[in-house]
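Dear colleague,

Please find the structure below, handed over for your review. A short account of the findings follows it.

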Amino acid sequence: MNKDQIESLIPLLKEKNLRVTPQRIQILTTLIDMNGHPTAEDIQKRIPIISLATIYNNLKLFVELGIINELPYGNGLSRFEFSQSNHYHVICESCGKIADINYPELTEIEEMVANLTGFSVNNHNMEVYGKCQECIEKG
């Protein structure tokens, strides 16, 4: 875990008049340490002393603050990620595994959509679906 990452988020919490509790720090630290796309349940397995409701409430708060991303893909359970770079995802249709795709941002798509529709485009998302190597090998 990069302690600087956590310390850089503390002013944001304080700016929003939110308490910097040990539980919030532990949830963020665990999410960063997991370095993937865990569910709230996955996080709770690592820190069973914190209730699942507390984990969900804090993850929702972190999403609203823009600290983390919620990925509502796969099997109906939201997954979460701490990422400070724009990237895309490939999702396994069988098991729900999510992998990052680091590819240059496709900003020209936003411009094209804005020109075609008259929308003021703020962001975009790209998801690629298929089968992961483990599921392919399982048959």
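**Findings**

Asn35 is exposed, because its relative accessible area of 70% lies over the 50% cut-off. Please bear in mind that this is a predicted model. Asn35 is found in the loop between H2 and helix H3 (40–46). Its backbone is also worth a look: the phi of Asn35 is near 45°, a positive value in a residue other than glycine.

Asn17 may be considered next. This residue has a positive phi of about 60°, although it is not a glycine. Asn17 sits in the loop between helix H1 (3–15) and helix H2 (22–34). With a relative accessibility of 72%, Asn17 counts as exposed.

I now turn to the sheet. Three strands form an open sheet in the order E4-E3-E5, and their pairing is mixed. Strand E4 (98–101) and strand E5 (127–130) are at the edges; each has a single partner strand, so one side of each is left without a neighbour in the sheet. From one strand to the next, the twist averages 25°.

In general, the strands of a sheet pair through backbone hydrogen bonds, in either a parallel or an antiparallel manner. Here, strand E3 (residues 88–92) pairs with E5 in the parallel sense, over four bridges. For orientation in the viewer, Val90 has Val128 in E5 as its bridge partner.

Yours sincerely

Note on methods: Residues numbered from 1 in each chain as written. Predicted model: local features only at pLDDT ≥ 70, side-chain atom pairs only at ≥ 80, totals over all residues. Heavy atoms only, no water. Pairing = 2+ DSSP bridges. Helix = DSSP H or I, 4+ residues; strand = E, 2+ residues; numbered from the N terminus. Axes fitted to C-alpha atoms, helices over the stretch in contact; angles between N-to-C directions. Buried < 20%, exposed > 50% of the residue type's maximum accessible area, 1.4 Å probe, protein only.
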